[in-house]
Amino acid sequence: MDDDDDLKLVKASASLLSDLKESLPKLLWKPGKPRRAHRQVRKNDLDHVTKLIEPFQGEPQLLDSSLASIVPPIIEAYLEQLSLPPKDEKNLSLQEAVCIILYTLRKVRGYKVIVGFFNNEPRYLEPVLKALEDASDAKWQVSYVLLLWLSHLLLTPFDLSTISTAKEQDGLPSVAVRCLHVGTHYLPTSTKAQEASAAMLVRLFVRPDMRKLDVSNSFVGQSLQVVKNGNAELSYQNIGHLRLLARVAASPELERFAPGIYRTCAEITETNAVAKKLLVKIFRNITIVALRSTTAGSLTVFFEQNSILEQVIEYLLQSLPDRDTPVRYASAKALGRVVLELDPAMGQEVIQAVLDTYKQDLPRNGASSLDFRTADALRWHGLTLSLSYALFNRTASPSQLPDIIEPLVAALQFNQRSGTGSQLGTNVRDAANFGIWSLARRYTTAELQSVVLPQRKSVTVIQTLAIQLVLSACLDPAGNIRRGSSAALQELVGRHPNQITQGIPLVQVVDYQAVGLRARAMVEVATSVASLDAIYVDPLITAAMQWRGACAPDTSSRESSAKLLCSLGNVEDNLSTALQQHCEIESAHGYLLALAELPSLKSSQWNLLPHLLSLTEPITPRALNADLPVAVARFLTTICSTAGSPSAEQLSHLDILLARLLNRSEASLLNVIPQLARAVKASALRPQTLQFSNLAKPAAAGSALALGVMMPTYENGADALRVLMDCVASPTVEWRVTGLRALGIALSNLHTDTLREELIITLHKALNDYTIDERGDIGSLVRGQALECLASNGASRRASLQTTKFPPPINADIVRLSLESLPRVRLRAA
């Protein structure tokens, strides 16, 4: 079950930030004045600070208001530390501590935001570069953060020759030479420093003073050669050069390298996800730079003569169903950015190609229900993402919206069960949320009103989208999908006012925080939505009877859907029909739970008993995992209480079902058997299974509990009581516990002095059961159940023992157990 972790974080954020602001100065600065930076930091202090930052990963924007007071002091302490001599101690150096803190902040908030707070004064370029050169043996966070900082400092508008304090080397400023050496050193590494070094090198290459010196020629040529030679097996070293080429390809100042980069990368056939993602970025960057170019340079000529645009679009379309998620994301985003640079007519042709691929994989079962069993989940994810980016960039024509909205609505319902039983399609539904959010944000109300969906002509497209978002926000099994749908619904209602039935109350009910907990979303939120207007009731009933509700793979979701269906109105006939049409164990469990939740059932529901017999013949491990016997017992409880008398044949079916249920000992089933037996006892039914002759020798715990309930109806009640006391005397601990539980049920309905002495002896022995085996003091289970037997129905049991108080032996046992060391026994006795 989900937890409202982000809601807890919002409430605790003020306290976390206050602790962070209080802990940072203690970690960075020595006490007293003037303020001096520490040279060493204790690891425990550092861990304390990072643990205060890491919870914000779920809600990083909560840090924004405090970053201006957090990052600059860290930078200030580090810069002061640079002027101090090193000191060898067992603790971490301040440099490592600062870089770890800055990396943690970068991990939470993103490097672009954090780098913006770095000091950018040119006088610190050489000190930072020197610290980076000396950090070869330090933790990788040090080299990563310093490379980011160095890249930021290279934005200085002054020529590097005016900043360098040493003489030029080979006609280059010494700072540039040192930056090249550092970048070359970290480019082959397998840490994030590889990414930062590529960014730093390209930042150096595009500087005006470095372009005049053609610094990039040899390095780009070397990277092309390394990538070409390592084509068969791209290692981390080669991937570093591929990162460099990707950034070079994105720089208009370095467009002269684009043809060579394209030719080299087009020959690469790679299965590594990182390499494929970088190839997508390279092709995207080259295409965008060429399309934006205003001069007929070498790149433009190469681009037009070799039909590069068509090749890149084809490559991106083929990468959309890639098996690796990062590649699909990169391909969809790249396709969206390329389409944004194209003429509107050509961009719409690309979008139409995506839609045509959708139509090939849009399976339907019957008139309206979608069947995704044979669909390709990876393809759907890539295609939905690409459509979503097209909507976000508003590159899709309003005339294409009918063809786009239908796949988006289908994607919002996408679900597949893998061969191992896990659910597939969460990423598809997430992409659909993004697409609908973009649609609501980028297109006007008039444009959406002009859209008519073939199968939903009676409802406007805006109302249709609102209904689908409500269903997703209330019923989807994934918390991020429910919240994404809630956010998209809020955008839809806010951008298109007075177009959705009860729009403002709907947004208030389907709140971002309210749908975080699934049980609450399925019961409370969905019920509140249904009460707003009848237009939401039927879709909720339909969805609650499908994979997001009664047919969900997890038991808790099916239980919640049963409560929802019970609150939505007249669903009994729909449930009974669905139960007879579905043979899946999980679906049957969900439908039976929903029927059992109804306040009353029609007498025609007795006709379901033959179907229940087939479902429980035999009771398989899968049925036990799905809690099907519990659902059958609860259904029988309701039908025996409210549906009148069955026929003779139906009574025989009831007998068989009762026999199967009573011969089980699962804990969940034992919790509902007493209610089932009471329901049968209260009705005029007298099935043979519950006669004393059939329960005199209990075969399982269920039979013993049923005997305890039915005992007052037997003429020979004393014999039934003896059977239960024999169970308490069993050599098996589990049977002793079950016997005491059944005895407690029996005594609650017994008001005579039947077998008074025997009862006292039985309970006295149970209260003194100290059986020990390899599991430990298992006799405590018996003692606890005996106390429960005495406490749960104390008044009636005292009447059966012919006294207003417990007999002296029992009282003495209770007093002694109230001083026992085991808490659960001690508290129960007290």
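Leaving aside neighbours within four places in sequence, with which residues is Thr762 in contact? Thr762 is in contact with Met725 and Val728, where contact means heavy atoms within 4.5 Å. This is a predicted model, in which local features need pLDDT of at least 70 and side-chain atom pairs count only at pLDDT 80 or more, while totals for chains, interfaces and linings use all residues. Residues are numbered from 1 along each chain as its sequence is written, and side-chain values use heavy atoms, with hydrogens and water left out.

- Thr762 belongs to helix H42, residues 756–767; helices (H or I, at least four residues) and strands (E, at least two) are DSSP runs, numbered from the N terminus.
- Thr762 counts as buried, at 12% relative accessibility; buried means under 20% relative accessible area, exposed over 50%, and partly exposed in between, with a 1.4 Å probe and protein chains only.
- Ser748 is found in the loop between helix H41 (733–747) and H42.
- Ser748 has a relative accessible area of 18% and is therefore buried.
- From C-alpha to C-alpha, Ser748 and Gly708 are 9.4 Å apart in space, although 40 residues separate them in sequence.

**A pair of packed helices**

- Two packed helices are described by the angle between their axes and the distance between the axes.
- Helix H15 (residues 273–292) and helix H17 (residues 308–319) have axes that come within 10 Å and cross at roughly 145 degrees.
- Such axes are lines fitted to C-alpha atoms, for helices over the stretch in contact, and angles run from 0 to 180 degrees between N-to-C directions.
- H15 and H17 form a left-handed crossing; a crossing is left-handed if the near helix is turned anticlockwise from the far one by less than a right angle, and right-handed if clockwise.
- On the H15 side, the contact is made by Lys276, Leu279, Val280, Phe283, Thr287 and Leu291, and on the H17 side by Leu309, Val312, Tyr315, Leu316 and Ser319.
- These contact residues of H15 and H17 comprise 8 nonpolar, 2 polar and 1 charged.
- In this division, Ala, Val, Leu, Ile, Met, Phe, Trp, Tyr, Cys and Pro count as nonpolar, Asp, Glu, Lys and Arg as charged, and the others, Gly among them, as polar.

- In the model, the span of residues 312–349 is 82% helix and 0% strand, and its end C-alpha atoms lie 15 Å apart.

**The largest nonpolar core**

- In soluble globular proteins, nonpolar side chains tend to be buried together.
- The largest nonpolar core has 282 residues, of which Leu105, Leu242, Phe635 and Leu636 touch the most other members.
- Helix H24 (residues 461–475) gives the most to this core, with 11 residues.
- A nonpolar core is a set of buried Ala, Val, Leu, Ile, Met, Phe, Trp, Tyr and Cys residues joined through side-chain atoms within 4.5 Å.

**Three further buried residues**

- His152 lies in helix H7 (residues 140–153) and is buried, because its relative accessible area is 15%.
- Beyond its neighbours within four places in sequence, His152 is in contact with Val115, Phe118, Asn119, Asn120 and Arg203.
- Pro674 lies in helix H37 (residues 673–682) and is buried, with a relative accessible area of 6%.
- Leaving aside neighbours within four places in sequence, Pro674 is in contact with Leu705, Val709 and Ile745.
- Pro674 and Ala742 are 68 residues apart in sequence, yet 9.0 Å apart in space, C-alpha to C-alpha.
- Trp547 is placed in the loop between helix H28 (537–544) and helix H29 (555–568), and counts as buried at 18% relative accessibility.
- Apart from neighbours within four places in sequence, the contacts of Trp547 are Gln413, Phe414, Asn415, Arg429, Asp476, Pro477 and Ala552.

**Backbone features in loops**

- Most residues other than glycine have a negative phi, and most peptide bonds are trans.
- The peptide bond from Glu617 to Pro618 is cis, with omega near -10 degrees.
- Pro618 is in the loop between helix H32 (609–615) and helix H33 (621–625).
- Asp214, a residue other than glycine, has a positive phi, near 55 degrees.
- Asp214 lies in the loop between helix H11 (208–212) and helix H12 (216–229), and at 41% relative accessibility counts as partly exposed.
- Gln502 is not a glycine, but has a positive phi of about 50 degrees.
- Gln502 lies in the loop between helix H25 (479–495) and helix H26 (503–509), and counts as partly exposed at 36% relative accessibility.
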